[in-house]
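Try each task before you read its solution.

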Amino acid sequence: MSLVAPSSILSSSSPLTLQLRIALPQRTHPSNLPLAPRLNRNLTSDLSSIPAYSRNTTSVSVYCLGPYGGGSILQDAGAASLVMGGAYALVSTFDKLSQRNIIKQNLSRKLVHIISGLLFMVSWPVFSTSSGARYFASLVPLVNCLRLLIHGLSLANDEGLIKSVTRDGKPEELLRGPLYYVLVLIFCAVIFWRESPVGVVSLAMMCGGDGIADIMGRRFGKLKIPYNQQKSWAGSISMFVFGFFVSMGCYFQKSALSLLHNEATSF
């Protein structure tokens with residue numbers, strides 16, 4: 001028995017079709033074979049077209065339902081590589097800018113916080129419409145998650161990474177805010193993906209709202225919140241206002257590209 005996958009059916013719009021070649025003895029009807037009932041029960045096949053007394057080898061079309069055709073997996077793998085390279089280039093760029101004192105370290109850290117997550121989310125249209133595309137997209141924050149774990153546990157040393165995403169330049173800080181950040185990216189990509197506005201709004205508030213709150217709070221945060229003196233009115237208000245507009249912008253982008261389910265368009 002051999003499997004042959006015709007190139008004509010490898011497409012993202014149709015299920016993957018395999019040619020199952022079964023060697024049949026001479027003068028043996030396929031219904032008498034022990035394999036035939038299993039094919040009828042577990043696979044979509046058509047044995048009625050097989051001649052009873054014809055050839056030694058018969059081809060049966062078997063449809064294997066799965067998330068991928070031949071083109072989608074290549075598209076998603078390429079998209080994941082492209083986004084991963086862009087994320088690495090973004091962090092490296094802000095690291096060099098902070099090292100040359102073009103921008104301050106705290107500002108560099110917050111700009112990475114804002115831009116990296118939003119760019120990750122707006123890159124989702126690059127991936128295919130396959131149900132498995134979300135897992136390829138989640139590889140991008142997953143790689144960063146592993147990177148943070150390695151350097152946060154001091155298994156390796158990367159001063160540029162530590163300076164660009166931590167407050168005080170300590171490796172253990174990578175295991176707190178930055179690690180939680182990428183875990184949220186993974187969660188929203190896998191669970192909500194492009195099918196629900198919940199993930200879009202969550203990431204927009206975390207990346208845009210929380211990121212701008214620190215910047216505005218440091219510059220205009222003289223008036224503190226009474227029950228939390230470490231937070232200011234300027235930062236808190238900026239988080240909700242900026243987060244709201246970023247959420248709407250990302251939502252309308254997904255809606256315009258018809259990436260959200262019809263049920264979500266009433267949001």
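The exercises below start with the overall build and then turn to single elements and residues. Keep in mind that this is a predicted model.

**Exercise 1. The overall build**

Task: State how many helices and strands the protein has, and give their order.

Solution: 
- Step 1. Count the elements. The protein has eight helices and five strands.
- Step 2. Read along the sequence. The pattern is β-β-α-β-α-α-α-α-α-α-β-β-α.
- Step 3. Look at burial. Of the 267 residues in the protein, 40% are buried.
- Step 4. Residues 24 or more positions apart account for 65% of them.

**Exercise 2. A pair of strands**

Task: Decide in which sense strand 4 and strand 5 pair, and find what joins them.

Solution: 
- Step 1. Locate the strands. Strand 4 covers residues 224–225 and strand 5 covers residues 228–232.
- Step 2. Check the sense. They pair in the antiparallel sense, over two bridges.
- Step 3. Pick a bridge. Ile225 has Asn228 in strand 5 as its bridge partner.
- Step 4. Find the connection. A hairpin through two residues joins strand 4 to strand 5.

**Exercise 3. Aromatic pairs**

Task: Sort the pair Trp124 and Trp193, and the pair Phe244 and Phe245, by ring geometry.

Solution: 
- Step 1. Know what to compare. A pair of aromatic rings is described by the distance of the centres and the angle of the planes.
- Step 2. Count the pairs. There are five aromatic pairs.
- Step 3. Sort the Trp pair. The ring centres of Trp124 and Trp193 are 4.8 Å apart and the planes are at 40°, so the pair is tilted.
- Step 4. Trp124 is in the loop between helix 3 and helix 4, and Trp193 is in the loop between helix 6 and helix 7. The two are 69 residues apart, so the pair links distant parts of the chain.
- Step 5. Check burial. Trp124 and Trp193 are both buried.
- Step 6. Sort the Phe pair. Phe244 and Phe245 are edge-to-face, with 5.5 Å centre to centre and 75° between the planes.
- Step 7. Phe244 is partly exposed at 45% relative accessible area, while Phe245 counts as exposed at 56%.
- Step 8. Look for a cluster. Phe120, Trp124, Phe127 and Trp193 form one.

**Exercise 4. Two single residues**

Task: Are Lys110 and Ile103 buried or exposed?

Solution: 
- Step 1. Recall the cut-off. Buried means under 20% relative accessible area.
- Step 2. List its contacts. Beyond four places in sequence, Lys110 touches Asp210, Gly211, Asp214 and Ile215.
- Step 3. Ile103 lies in the loop between helix 2 and helix 3. Its relative accessibility is 19%, so Ile103 is buried as well.
- Step 4. List its contacts. Leaving aside neighbours within four places, Ile103 is in contact with Phe94, Leu97, Ser98, Ser108 and Leu111.

Terms used. Residues are numbered from 1 along each chain as its sequence is written. This is a predicted model: local features need pLDDT of at least 70, side-chain atom pairs count only at pLDDT 80 or more; totals for chains, interfaces and linings use all residues. Side-chain values use heavy atoms; hydrogens and water are left out. Rings of Phe, Tyr and Trp (its six-membered ring) pair if their centres lie within 6.5 Å; planes under 30 degrees apart count as stacked, over 60 as edge-to-face and the rest as tilted. Helices (H or I, at least four residues) and strands (E, at least two) are DSSP runs, numbered from the N terminus. Buried means under 20% relative accessible area, exposed over 50%, partly exposed in between (1.4 Å probe, protein chains only). Two strands pair if DSSP finds at least two bridges between them. Contact means heavy atoms within 4.5 Å.
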